[in-house]
Number of protein chains: 2
Amino acid sequence: MLSEFEVIRKFFSRTPRPGNRVNLGVGDDAALLSVASGHELVAACDMMLVGRHFFADVEPAKLGHKCLAVNLSDMAAMGAVPRWCLLALALPIADEAWLAEFAQGFHDLADRYGVDLVGGDTTRGPYTACVQILGEVPSGTALRRDGARLDDDIWVSGTLGDAALGVAHVRGELKLDTRAALHCLQRLETPQPRVVLGEALRGIAHSAIDVSDGFAADLGHILQRSRAGAEIVFEQLPRSDALIRSRDAHAERVRDAILAGGDDYELCFTAAQSQRATLAELADKLGLRLSRVGRIVAPAAGLVVRDADGRDIALPKTGFDHFAAT
Amino acid sequence: MLSEFEVIRKFFSRTPRPGNRVNLGVGDDAALLSVASGHELVAACDMMLVGRHFFADVEPAKLGHKCLAVNLSDMAAMGAVPRWCLLALALPIADEAWLAEFAQGFHDLADRYGVDLVGGDTTRGPYTACVQILGEVPSGTALRRDGARLDDDIWVSGTLGDAALGVAHVRGELKLDTRAALHCLQRLETPQPRVVLGEALRGIAHSAIDVSDGFAADLGHILQRSRAGAEIVFEQLPRSDALIRSRDAHAERVRDAILAGGDDYELCFTAAQSQRATLAELADKLGLRLSRVGRIVAPAAGLVVRDADGRDIALPKTGFDHFAAT
């Protein structure tokens, strides 16, 4: 059995990237880092628990990917460049094969975005992964929830609802065809954080959030912080082929997944109407779908979602509340 | 039952201190912070799990205190000024009384050291508290594990072994008298991070670490990183009156607690012999015991602990390994 220190040395100690200004990384009481001059530090953390955020039999590489991905998604929502992370990891036993796969999934994603693991904590306990992500943004340019303006377009990247449908499929609450199931599970287990999009939106978007609790709930956070209302056209909310194919058999379920499914890790953002051409070009350049789904209105309207005929759609229980009974 | 967002608003959203340069705190996807010019960012995290790091019936205020204290101790070991923290908290139900007490313990300690809680994550699960601490240190002045020099004195703050004896008492493995038990439990449950000492040691100490895994193991980390050996005089290792009173009944237990107990959250540091008078003055000024316990020798010696007659004392299983069977 590996000791705690062998676990750290073998799986979590790597040479930092020269450009990341890691003055002291893994192996001391804390890491020493230099934030670039003229930049703000951007800090967030997300914790994932077995049985709550992922299934007990999740492949460790996917857990390694996802616990970092959800944190990178927070950097994306701020328009920040992720630089460094810390990982607090609990696991029942120091299983070398499990750790090797977990570390692979984690480091592969970290490498894709140039992020250095600079510290953390390992301990014995039920599988728990808590990542702290640290990034940089030129001072004053971060995307925030509180910047939405009247008549802004509301945009969403990628597609909504896939992960929620994947969860329902695994739980046996509905049956997707094989291709749809594969797609939805991939979206659930290995979400792709929109880091490049987030950075590109600085100076373009007025506000942004990542869709983790469900589209309606997360847009609701923008509206609350920006003191604004929103009108959404349901048919314009982006959905994958998998969801479209599943629509007839599971209409209500698919609608709820799109509006309130959660775990999408797409960006929802608002921008002036004058930015439409710029955003269409950006979508082309990134090879990423960007959908205009509605607009910001006066706060009194609240959040209104309309169907193709202009009728209001009642919102499902909006968003994932970790303390709600489920 | 409170929702996740009500929990955050009610217990964990407070106005940041003006001097801490919190440009955006709790309530967005990430916090925005400005690191002082000419300073390095110092980052660490520690996770505490129920049943592993604390007893299931721990008072919530003490848990709130301790999960922050162990992180502040990492800042102390670096000589850093703690500024900001993030808290990822899992709890089985959103129990308002529990949360109020936990938050009180957490915020009281944060206030003592001027630390702002700027973000985090709350979720449902077995009691788990993961704190990320962020601090600042003037560039190039941090205390590190790798700076010990030949003939340095080795110093320890406070006293060693109290917390370990407290654990043994609670487990019924030995019986302390009432006064000793109170003292040891207080040391176990509400450790006082040596933040002020750590800051004062910049420019004085050559190396430092906080004693969390046990004195021998933590000094061992300094020796390993500094490629050095050490000679320790056991009788000079600082112990409380409670430990001295318990010595006759539990001699071996007390010795192991001092050398390898863990959870002390004192600082172990090395400094040139020319600093003795300065350190005596510092101890007076801070009202904190600083004990000279040995010296740094050539690496070949390893770590040697001698009794009053100059005989080697065999080291107990050195230090707390989270993956060792216990």
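Strand 11 of chain A, residues 290-297, is largely enclosed by the rest of the structure, because six of its eight residues are buried. Buried here means under 20% relative accessible area, with a 1.4 Å probe and protein chains only. Strands are DSSP runs of E with at least two residues, helices are runs of H or I with at least four, and both are numbered from the N terminus. This is a predicted model, in which local features need pLDDT of at least 70, side-chain atom pairs count only at pLDDT 80 or more, and totals for chains, interfaces and linings use all residues. Residues are numbered from 1 along each chain as its sequence is written, chains are lettered from A in the order in which they are written, and side-chain values use heavy atoms, without hydrogens and water.

Strand 11 of chain A pairs with two other strands; pairing requires at least two DSSP bridges. Strand 7 of chain A, residues 153-157, runs antiparallel to strand 11 and is joined to it by five bridges. There, Ser157(A) stands opposite Leu290(A). Strand 9 of chain A, residues 229-233, is also antiparallel to strand 11, with four bridges. In this pairing Ala230(A) faces Ile296(A).

Now to the interface. The size of an interface is often given as the accessible area lost when the parts come together. Chains A and B bury about 5500 Å² between them, 58% of it on carbon and sulfur atoms. That area is the accessible area (1.4 Å probe) lost on being put together, summed over both parts. Each chain gives 69 residues to the contact, defined as heavy atoms within 4.5 Å.

Four salt bridges cross between chain A and chain B. The rule asks for a side-chain nitrogen of Lys or Arg within 4 Å of a carboxyl oxygen of Asp or Glu. Asp29(B) and Arg145(A) meet in a salt bridge, at 3.2 Å from N to O. Strand 3 of chain A, residues 39-49, supplies nine residues, the largest share of the side of chain A that touches chain B. Strand 3 of chain A also runs antiparallel to strand 2 of chain B, residues 31-33, with three bridges. Val42(A) stands opposite Leu32(B) in this pair.

Gly172(B) follows helix 4, with a positive phi near 75°.

Definitions and conventions:
Buried means under 20% relative accessible area, exposed over 50%, partly exposed in between (1.4 Å probe, protein chains only). Buried area is the accessible area (1.4 Å probe) that two parts lose on being put together, summed over both.
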